Amino acid sequence: MSWLLDGLLIVSLLVTAVAVLLSRDLFRAVVMFMAFGLLMALAWVRLQAPDIALAEAAIGAGLTGVLLLDAVSHFQRGRLREQPPGEEG
Amino acid sequence: MRRLLVLVSLAACTALTIALALAVLVAAESAVVSELPQQLAASLGRSGVEHPTTAVLLNFRSYDTLLEIGVLVIAGMSGISLASTRSLEDPALRSSDVLLYALQRWFVPLMLLLAAYLLWAGSHRPGGAFQAGAVLAATGVLMRLGGLPMAFIRPGVLLRLGLVLGFAVFLLVAIASALAGEAFLAYPPGMAGGLILAIETVLTLSIGMILLALFVAAPVSAEHEPEEGGGS
């Protein structure tokens, strides 16, 4: 039974990692990155490293995700300002 | 031409992945039997804590942790010096979002409690300064998003003191133990447990503050900052 869980974890890790890299929408990439971080925390738990799992969930998924979301919102606002009004809508 | 380039780089990536996987396989099969776990278990009683990870991080390899905190302090200071907003408390942030406010009233005390628990748990089960500090910083981010006033995060003496507190106390203990005749960073016997708890407490405060400062230092409202610099 545990190999099923591990296999599922590996597959979903790979899928989310590829989704982060290939997504053209930055917001979606960040959300995928956070999902990747949470799955990675699960993987650390499976590897019997709960300390690293805690750190990964708190810093890797949580704080880094918030910082990246902040950066994305700045990029998008900056892009909106550069374009003359009317072109966007 | 471009498609060729993509294909070549894809092939290179695949080859690298396969090579890495093979290397990991070979390394896993010919694993050298390490005596580190036995050594750790044998000397765990002298470390002052019961959890092996904390014992390694704060006692046996505390030099690494000291340098890590130094790196974090430098990162926090560079983040603050890059901040473009003068007033870190943005009036536009004072949101009237009822849901966020209600959520905060429940979550902020709960998260502070969780941070304290993680800090305390570090001595005998998974937890410790880094995790507690991260939860502390997340609490600060939540308060920041809800626009709660946080006077201590304004650039000033208090912020600087908070940033370097953990590193300074850690270094002080290290130098004091070196002057007392022991080696650099070797805690005097019998005091290790108390010293580690004290160091972890100040480290938690500092780590939380550094991570929070990195978040707060980022300019919050984009409508605000370009107009300050003039231009269009």
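**Close-ups of a predicted model**

Counting over all chains, this structure has 2 salt bridges. Keep in mind that the model is predicted.

**View 1. A salt bridge between A:Arg46 and A:Asp6.** Here A:Arg46 pairs up with A:Asp6, and their closest N and O atoms sit 2.7 Å apart. The two partners come from distant parts of the chain, 40 residues apart. A:Asp6 belongs to helix α1 of chain A (residues 2-22), while A:Arg46 belongs to helix α2 of chain A (residues 26-46). Side chains of opposite charge can pair like this when their charged atoms come close.

**View 2. Helices α3 and α8 of chain B crossing.** The axes of α3 (residues 52-60) and α8 (residues 192-217) of chain B come within 11 Å and cross at roughly 90°. On the α3(B) side, B:Thr54, B:Leu58 and B:Asn59 make the contact. They meet B:Ala192, B:Ile196, B:Ile199 and B:Glu200 of α8(B). Sorted by class, this contact has 4 nonpolar, 2 polar and 1 charged residues.

**View 3. A nonpolar patch on the surface of chain B.** Helices α4 (62-81) and α7 (157-179) of chain B are the elements giving it two or more residues. B:Ile175, for one, lies in α7 of chain B.

Key:
Residues are numbered from 1 along each chain as its sequence is written. Chains are lettered from A and ligands numbered from 1 in the order in which they are written. This is a predicted model: local features need pLDDT of at least 70, side-chain atom pairs count only at pLDDT 80 or more; totals for chains, interfaces and linings use all residues. Side-chain values use heavy atoms; hydrogens and water are left out. Axes are lines fitted to C-alpha atoms, for helices over the stretch in contact, and angles run from 0 to 180 degrees between N-to-C directions. Helices (H or I, at least four residues) and strands (E, at least two) are DSSP runs, numbered from the N terminus. Contact means heavy atoms within 4.5 Å. Ala, Val, Leu, Ile, Met, Phe, Trp, Tyr, Cys and Pro count as nonpolar, Asp, Glu, Lys and Arg as charged, and the others, Gly among them, as polar. Patches are made of residues with over 30% relative accessible area and no salt bridge: like charges are joined within 9 Å, nonpolar side chains (Val, Leu, Ile, Met, Phe, Trp, Tyr) within 5 Å. Accessible areas come from the Shrake-Rupley method with a 1.4 Å probe; for residues, only the protein chains shown count as cover. A salt bridge is a side-chain nitrogen of Lys or Arg within 4 Å of a carboxyl oxygen of Asp or Glu.
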